[in-house]
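Biologist: I have a new model open and would like to learn how to read it. Can we go through it step by step?

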Amino acid sequence: MREVAFIKQNKEKWLEFEQAIFGKSKKNPDAMANLYIQLMNDLSYAQTYYPKSKTVVYLNHLASQIYQKIYKTKRTEKNRFLYFFKTEVPLVVYEYKRYLLYAFVLFFATVSIGVFSAKYDADFVRLILGDEYVNMTLENIKDGNPVAVYKSGSNWGSFVGITFNNLFVGAKCYLYGIFAGIGTFIVFLQNCIMLGSFQYFFYQQGVFWQSVRGIWIHGSMEIFAIVIEASAGFILGASILFPKTYSRMNSFKIGFKNSMKIFLSTFPFTISAGFLEGFITRYSIDMPNWLSSFSILFTLSIIAFYYLVYPFIVHRKVSASNG
């Protein structure tokens, strides 16, 4: 069967699926499960005969939406909070995994811009970080503690203030995606260039390793979370720019719902980073190298596993259970 005929034959059925997804027609769980089976059959057929077609992409997305709809009507987890982090978020992350790739590519590219700008422009670091902060850091380096700034304030005061600031930055990075993703790009660009120039500044002063031992104890989770929040912002922007077969409003609803889940999932990591910065980073200069290195690798491994490895495990498990 030609693809055009296949689409024409099933168009009305797929529209019924869309209405069920967006709540325009009420379906009981059994009816939803039946729709899901029909859709999987259509998807299998399309994958066999039109493997590179946009029809496959459309049906795959539709299938994932119906699957999530079905699971919402089942008591798959007694603890809804646990289910959100254990299953729901990883499935959404897997569905939008290419946006995580885009965000990480952009991250390394823009951090590199910050590094090279600081290297070839002597005034760039002061332009980005401000004279007061640079002068204070130079004094701290002379005193033997490049990251002494993290010792200022009380533990709890620093934890609360830093956490709220990081949550605010993350929220801007995500929500500004509503401006076709451009807002997210600008916020992300500013933070990444600042990070690159900031880290190169310590390299110039000959205290690179000391700065790494301090900054990245909390920075592993904090910076990684910002990258994830940027990917959520790009998903939000893409839902407006590229509605595919959906109306622009329905595409935005799907993009907002899914990107919001990814954004909310970063909160525990951002809060953990704030705790580490308020209570642990200030003592980094007194830690043995092995302990600070372990802390950095451990925190980085946790968040990297959750967003880069675990989604594939959950997806494989769900696919296997669907047979």
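Biologist: What share of the contacts in the chain with a separation of 6 or more comes from residues 24 or more positions apart?

Modeller: Keep in mind that this is a predicted model. Residues 24 or more positions apart account for 77% of those contacts.

Biologist: What box do the C-alpha atoms fill, and what percentage of residues is buried?

Modeller: Along the principal axes, the box is roughly 75 × 45 × 30 Å. Of the 323 residues in the chain, 49% are buried. Buried here means under 20% relative accessible area.

Biologist: Now a helix pair. How do the axes of H9 and H10 cross?

Modeller: Look at the distance, then the angle. The two axes come within 11 Å and cross at roughly 170 degrees. Angles over 145 degrees count as roughly antiparallel, so H9 is roughly antiparallel to H10.

Biologist: Which residues meet in that contact?

Modeller: From H9, they include Phe185, Phe188, Phe198 and Phe202. From H10, Val212, Ile215, Trp216 and Phe234 are among them. By class, the contact of H9 with H10 has 15 nonpolar, 4 polar and no charged residues.

Biologist: Next, pockets. What is the volume of the largest pocket, and which residues lie nearest its centre?

Modeller: Start with volume, then the lining. The largest pocket has a volume of about 840 Å³. Its lining has 32 residues, with Val57, Asn60, His61, Ser64 and Glu95 nearest the centre.

Biologist: Which helix gives the most to that lining?

Modeller: H3 does, with 8 residues. Helices supplying at least two residues include H2 (29-49), H3 (54-72), H4 (80-95) and H5 (97-120). By class, the lining of the largest pocket has 18 nonpolar, 10 polar and 4 charged residues.

Biologist: How much space lies in the second largest pocket?

Modeller: About 670 Å³. Of its 24 lining residues, Tyr150, Asn166, Met194, Phe198 and Glu222 are the closest to its centre. H6 (124-129), H8 (155-175), H9 (182-204) and H10 each give two or more residues to this lining. The largest share, 7 residues, comes from H10.

Biologist: How does the lining of the second largest pocket divide by class?

Modeller: The lining of the second largest pocket has 17 nonpolar, 5 polar and 2 charged residues. Note Phe198 once more. This residue of H9 is also in the contact with H10.

Technical notes. Residues are numbered from 1 along each chain as its sequence is written. This is a predicted model: local features need pLDDT of at least 70, side-chain atom pairs count only at pLDDT 80 or more; totals for chains, interfaces and linings use all residues. Side-chain values use heavy atoms; hydrogens and water are left out. On a 1 Å grid over the protein atoms alone, a cavity is a set of points where a 1.4 Å probe fits but cannot get out, and a pocket is an open set with protein on both sides within 12 Å along at least five of seven lines; lining residues have an atom within 4 Å of a point. Grid points are joined across faces, edges and corners, and a volume is the space filled by probe spheres set on the points. Helices (H or I, at least four residues) and strands (E, at least two) are DSSP runs, numbered from the N terminus. Ala, Val, Leu, Ile, Met, Phe, Trp, Tyr, Cys and Pro count as nonpolar, Asp, Glu, Lys and Arg as charged, and the others, Gly among them, as polar. Axes are lines fitted to C-alpha atoms, for helices over the stretch in contact, and angles run from 0 to 180 degrees between N-to-C directions. Angles under 35 degrees count as roughly parallel, over 145 as roughly antiparallel, 65 to 115 as roughly perpendicular and the rest as oblique. Contact means heavy atoms within 4.5 Å. Buried means under 20% relative accessible area, exposed over 50%, partly exposed in between (1.4 Å probe, protein chains only).
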